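User: Hi, I'm new to this one. Could you walk me through it?
Analyst: Happy to, let's look at it together.

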Amino acid sequence: MASSLREFISQLEAAGELHRVRAQVSPILEVTEIADRVSKSPCPNESPHARAFDPEHCSLGGRALLFENVEGSDMPLLINAFGSYRRAEMALGSDFEAVAERIAFLTKPEPPASWADAFQKARRVLPLLRIPPKRMGSGPCQEIVKLTERGEVDLTRLPIIKCWPKDGDPAAVGYGMTAEEAGTAAGGGRYITIAGIHTIDAADEGAAKPASHNIGMYRCQLVDETHLVMHWHMHHDGAAHWRSWKRAGKKMPVAICLGGNSVLPYAATAPLPPGMSELLLAGFISGRGIRMTRAKTVPLWIPAESEIVIEGWVDTECGFIGYDPRTGEALGKGAAFEGPFGDHTGFYSLPDRYPLVDVTAVTQRRDAVYPTTIVGLPPQEDYYLGKATERIFKPLLKTILHDLVDYHLPLFGCFHNCAFVKVRKEYPLQARRVMHSIWGAGQMAWTKVIVVVDEDVDVHDETAVLRAIFEHCDFRRDFELVNGPLDILDHAAPRLGAGHKLGIDATRKIAGEEVAGIAVGEPPSTGALTELDGANVPVFGRDRCVFVGVAKQAAGDGARAIERAWDAGAEFVIAVDDSVDLADRDAVLFHWCANFDPGRDMHRRDHRVGFDATRKLPGDEHNGQPVRDYPPILAMSEEIRDRVVRRWSEYGL
């Protein structure tokens, strides 16, 4: 495992996983378009392990890209470094299942059966003594120190990228506030995207070894030479730490660390319970403690092998999220109107109020390399890191879900929108218990749609799971609709971070599962479907399912299209905007997961069900549930697309 980013770059290059781009490129959109195209191309080395859990996408990812000449900057830029299963495995030092096996050993302590067994168990436990962080007096990350008080800091010289055309422009997504009024115009919509954000709770102020030390991965919007905006979701540890400093009436110290040990970006994204240390997880995976040193201007420890560290203080006078300038409310002190930002959902996350960061220092290695990433329509780098979590954390999930056999987070669900779960069914309504257990399990709690299948279904074969729905479900009986918290990025939720979730019991039904008085037996049959314009009947749906495209002009058009499909004999209808390719299963299911709220957009007629997954308009309110602003889907400008196509040979690609 690489102890530094430059060592990781050398490993990638030696393995044929890196491409150097020597032509000058712009950090404004051009890097994104190149990386997006490469990320969806075949990878040079397919992981021999990934086919078992992601057969449809295991061969994608292209190469990591090292841009050596970035316009307006003095250092190279690395992107797509973790953007394939093989590269993610290299970053972790082994395949995902091997890491999961080590975690499983710790979750199931058993007394040794013999002296030989005791010796073997000791060999597996003793390395834990080496995993705490190692504190040092200095480190390579401080070979160059630039201080704001000396006028040396200029964040605009870092190759910080603008990912998508509407990034940082609130007016572009319908808000009555310009970037100038938002306080972010000088940053040009540029974002730091793959940094480890180091924070502590205010209760640990002055502690030599703060127990609350957290590493999160949150985006930071560039404001000007010495200021950023810090964006974090309210349920993340970094936001909880910020609230603790706000209650104390003090500014919050922060260190934004780029690069370092190759395992750190994964550790920063791992869904650890509050209070559990990402540094310990990184040390556990790597087999040795992460080397740490003191920051120069804030009371925090930072990874000594980092490439670049941005130190500063987060303003705590800022108000909370849920701000809308159209109401006339003042933005308030210590805040900026952050966003929009092209997010991993494939849509722009809409702007909101977040706190400013006053940068006090930038330290770096000599000849530093700036790492970055883009998020957007999957697969991107975050997809492979997310799938690593799926595999690595399965043993921990099984400690609370003993009947869980396996699970799969399909690409079209963008992780928080859909999960396929396999169980060994032994009693009535077991699938419902599993659903509710998942909805109470850490970050799995945000999952909008859960499909539960029997253990003889390959949960990683997405077509097999979808087929099980239409083989075993009566849509009057086998849906579980609940209220609950949702991901902040779920724009379809009727309220910010709150709405509805849907569980689909696609297991074979047994006695005792007569929910809503519907007898256990074969699902109802409606006979043959009649011809339906603008529709597609997927093979897996057994003539029960129809995808419908809607040329939406007015509120209610989606619901009316569902009615027409029911009249044609369909039982399960997904209505999407007519811009979606109905022959592309993943595209339809992506828009289904993204654009519907189960409590508002699910329509019923006797044993039939329909989902309005079109973009909602005022007037699309249903079942007493409101409609919020729907953001634009991500799309690159034609100008940048054309430029990249013209220059493709210059990039050596």
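User: What is the strand order in the open sheet of five strands?
Analyst: The order is β25-β26-β27-β29-β28, with mixed pairing. Strands are DSSP runs of E with at least two residues, helices are runs of H or I with at least four, and both are numbered from the N terminus. Two strands pair if DSSP finds at least two bridges between them. This is a predicted model, where local features need pLDDT of at least 70, side-chain atom pairs count only at pLDDT 80 or more, and totals for chains, interfaces and linings use all residues. Residues are numbered from 1 along each chain as its sequence is written, and side-chain values use heavy atoms, leaving out hydrogens and water.

User: Which are the edge strands?
Analyst: β25 (535-536) and β28 (602-605), each pairing on one side only.

User: And how do β28 and β29 pair, parallel or antiparallel?
Analyst: β28 pairs with β29 (residues 608-612) in the antiparallel sense, over four bridges. M602 stands opposite F611 in β29.

User: Which helix packs on the sheet?
Analyst: Helix α15 (residues 585-595) does, touching β26 (545-550), β27 (572-577) and β29. Contact means heavy atoms within 4.5 Å.

User: New topic: which residues meet where α1 touches α3?
Analyst: F8, Q11 and L12 in α1 meet R87, M90 and A91 in α3.

Notes:
Axes fitted to C-alpha atoms, helices over the stretch in contact; angles between N-to-C directions.
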